[in-house]
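This report is written for a reader new to the structure. It begins with a sheet and then turns to the cores and to some backbone details.

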Amino acid sequence: MPLFIQGRELGRIRSTEELFSKYPHLQEHARTFRSRPLVEVDPKCLLYVQQREFATTTPADEYVSVIGSDDATTCHLVVLRHTGSGAACLAHCDGSRTWSEVQLIVKAVASLRNVFKDGRFELHLVGGFNDDARTSHKLSLSILAAFQKQEQDIHLETCCITGNCSLHGCSHRGSKSDFICLNFYVSDMNDMVENGIHKPVVYGIGVNVKTGEVFPASFPQKGPAEELRSARTFTGGQMADIYDSDHGLVKIDPCKWSPDMDIALWLSQSDDTILKCLSTSPMAEPPHFVQHIKSTIQFILAHPNSDSLFPGRQPQLYHRNQSGDWERLLRS
């Protein structure tokens with residue numbers, strides 16, 4: 001079934017400009033969303049989702065109140081929630097396998113939906129900006145197209161995404177010539193210009209699984225097993241479900257990388273080189289990006305045999321202890 005916006009079926013769209021032109025309330029909602037104050041989420045109630053991960057739970061969860069993710073530049077943060085059951089999923093999508101990832105997201109929420117409850121699936125998209133390569137714009141359209149192909153009726157509620165101009169020859173980069181562009185008004189969805197450089201306004205979001213509220217957020221802690229999870233993505237791991245909501249467990253399935261990876265040379269490179277070579281948006285990354293990359297590489301080098309991290313090829317499991325911290329469960 002197609003996507004719906006205010007009860008109207010969304011047909012095929014060729015650009016995000018067309019989307020916002022047809023549905024101007026999405027633009028107003030995006031402006032309101034991006035102007036909301038940033039909430040720093042308490043780690044003791046948080047389930048953090050990294051790039052190419054997703055997590056799903058319900059309001060009945062005793063261990064998680066907020067699912068969140070950040071550090072999204074060209075990446076998009078996707079929240080799908082069923083209003084009847086309250087089941088909510090947050091995913092951090094980078095465009096690697098969008099179509100299959102969207103199927104996983106929908107299946108995860110549907111599997112936790114109480115079939116006897118009324119309600120509908122509601123979609124919230126946040127992320128991307130007016131990057132020169134239009135990576136954000138392409139991902140926005142890809143995600144919207146993938147959701148349009150799902151069996152369930154899905155209602156688009158929040159769309160704080162990129163608004164690149166599609167008119168041929170229009171730079172649309174915040175210059176004085178913007179007035180000649182008929183679509184100039186869409187440039188401010190999730191984009192701002194700082195010292196002449198385009199950046200996202202909202203880098204991170206959280207979803208309150210008790211109330212369904214979606215809000216701009218930041219996260220002082222990003223565990224558990226932050227470096228291991230980053231290493232999985234860095235070495236090509238695909239979208240992974242990291243949470244067992246039935247048992248309140250963060251689950252990191254076995255992943256594998258080559259012990260002969262020639263990556264040590266990156267540790268001696270300049271910050272500018274790392275940004276240019278390992279980021280889709282080198283001018284818009286958060287300040288800790290380079291250190292994060294170096295820490296991930298150091299972790300991989302310190303564990304050349306990834307099998308040693310998963311004895312018996314079993315996943316690493318983490319539960320919330322009485323102090324509210326994620327603690328690893330060790331098998332005897």
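## The open sheet

An open sheet of 5 strands runs in the order β3-β14-β13-β6-β4, with mixed pairing. Its edge strands are β3 (39–40) and β4 (46–48), each of which pairs on one side only. Strands (E, at least two residues) and helices (H or I, at least four) are DSSP runs, numbered from the N terminus. Two strands are said to pair if DSSP finds at least two bridges between them.

This is a predicted model: local features need pLDDT of at least 70, side-chain atom pairs count only at pLDDT 80 or more, and totals for chains, interfaces and linings use all residues. Residues are numbered from 1 along each chain as its sequence is written, and side-chain values use heavy atoms, with hydrogens and water left out.

Strand β13 covers residues 205–208. Ile-205 and Val-207 point one way from β13, Gly-206 and Asn-208 point the other way, and all are buried; buried means under 20% relative accessible area, exposed over 50%, and partly exposed in between (1.4 Å probe, protein chains only). In a regular strand the side chains alternate between the two faces of the sheet.

β13 pairs with β6 (residues 66–69) in the antiparallel sense over 4 bridges, and Val-207 is the bridge partner of Ile-67. With β14 (residues 214–218), β13 pairs in the antiparallel sense over 3 bridges; here Gly-206 has Phe-215 as its bridge partner. β13 and β14 form a hairpin with 5 residues between them, and Gly-212 in the turn has a positive phi of about 90 degrees.

β6 also pairs with β4, in the parallel sense over 3 bridges. Leu-46 has Val-66 in β6 as its bridge partner.

## Nonpolar cores

A nonpolar core is a set of buried Ala, Val, Leu, Ile, Met, Phe, Trp, Tyr and Cys residues joined through side-chain atoms within 4.5 Å. The largest has 78 residues, and those with the most contacts inside it include Ile-205 and Val-78. Apart from it lies another core, of 7 residues, among them Val-41, Phe-215, Ala-217 and Phe-219.

## Backbone details in loops

Arg-52 lies in the loop between β4 and β5 (53–57). Arg-52 has a positive phi of about 60 degrees although it is not a glycine, and at 13% relative accessibility it counts as buried.

Asp-71, in the loop between β6 and β7 (76–82), is not a glycine either but has a positive phi of about 65 degrees. Asp-71 is partly exposed, with a relative accessible area of 25%.
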